[in-house]
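Take a look at the structure below. We will go from the whole chain down to a single residue.

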Amino acid sequence: LIQILENTPRLKIIKKDKHYIHAIATSRIMKFIDDIEIKSNSNNNVLYVKSSSRLGIYDLGVNKRRVDTLRFRLIDLYD
């Protein structure tokens with residue numbers, strides 16, 4: 001997961017510990033910053049992923065696509 005995030009363009013990991021990752025993604029054109037938070041629950045092998053815009057009300061679906069892309073990249077790695 002860390003490797004996927006580190007190889008994602010315009011994404012920077014801010015905080016990383018055993019069960020939590022906080023990263024920021026910067027939009028290409030307008031330079032908006034979005035927060036990505038990932039928590040792991042080792043009891044049931046679940047990752048909780050949240051991607052949200054810092055500004056604005058509507059993000060044109062960017063955050064949902066970001067989470068979906070991350071999920072698909074993880075699936076590709078472990079299939």
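**From surface to core**

Buried residues make up 22% of the 79 residues in this protein. Keep in mind that the model is predicted. Buried here means under 20% relative accessible area.

The protein exposes about 6200 Å². Carbon and sulfur atoms supply 56% of that area. Charges come next: there are 15 positive and 9 negative ones, and their mean positions lie 4 Å apart.

How many helices and strands are there? The protein has two helices and four strands. Along the sequence they follow the pattern α-β-β-β-β-α.

Next, the overall dimensions. The C-alpha atoms fill a box of roughly 40 × 25 × 20 Å along the principal axes. A compact globule of 79 residues would have a radius of gyration near 12 Å, and the protein's 13 Å agrees with that. Take the contacts between residues at least 6 apart in sequence: 20% of them join residues at least 24 apart.

Now go inside. In soluble globular proteins, nonpolar side chains tend to be buried together. Which residues form the largest nonpolar core here? It has 10 residues: Ile4, Leu5, Leu11, Ile21, Ala23, Ala25, Ile36, Ile38, Leu70 and Leu74. Helix H1 (2–6), strand S2 (20–26), strand S3 (33–41) and helix H2 (62–78) each give two or more residues to this core. S2 gives the most, with three.

Finally, zoom in on one core member, Ile36. Leave aside its neighbours within four places in sequence. Ile36 is then in contact with Leu11, Ile21, His22, Ala23, Ile24, Ala25, Lys50, Ser51 and Arg66. Among these partners, Leu11, Ile21, Ala23 and Ala25 also belong to the core.

Methods
Residues are numbered from 1 along each chain as its sequence is written. This is a predicted model: local features need pLDDT of at least 70, side-chain atom pairs count only at pLDDT 80 or more; totals for chains, interfaces and linings use all residues. Side-chain values use heavy atoms; hydrogens and water are left out. The radius of gyration is taken over C-alpha atoms; the globule rule is 2.2 Å times the number of residues to the power 0.38. Buried means under 20% relative accessible area, exposed over 50%, partly exposed in between (1.4 Å probe, protein chains only). Contact means heavy atoms within 4.5 Å. Accessible areas come from the Shrake-Rupley method with a 1.4 Å probe; for residues, only the protein chains shown count as cover. Lys and Arg count as positive and Asp and Glu as negative; His and the chain ends are not counted. The place of a charge is taken as NZ of Lys, CZ of Arg, CG of Asp or CD of Glu. A nonpolar core is a set of buried Ala, Val, Leu, Ile, Met, Phe, Trp, Tyr and Cys residues joined through side-chain atoms within 4.5 Å.
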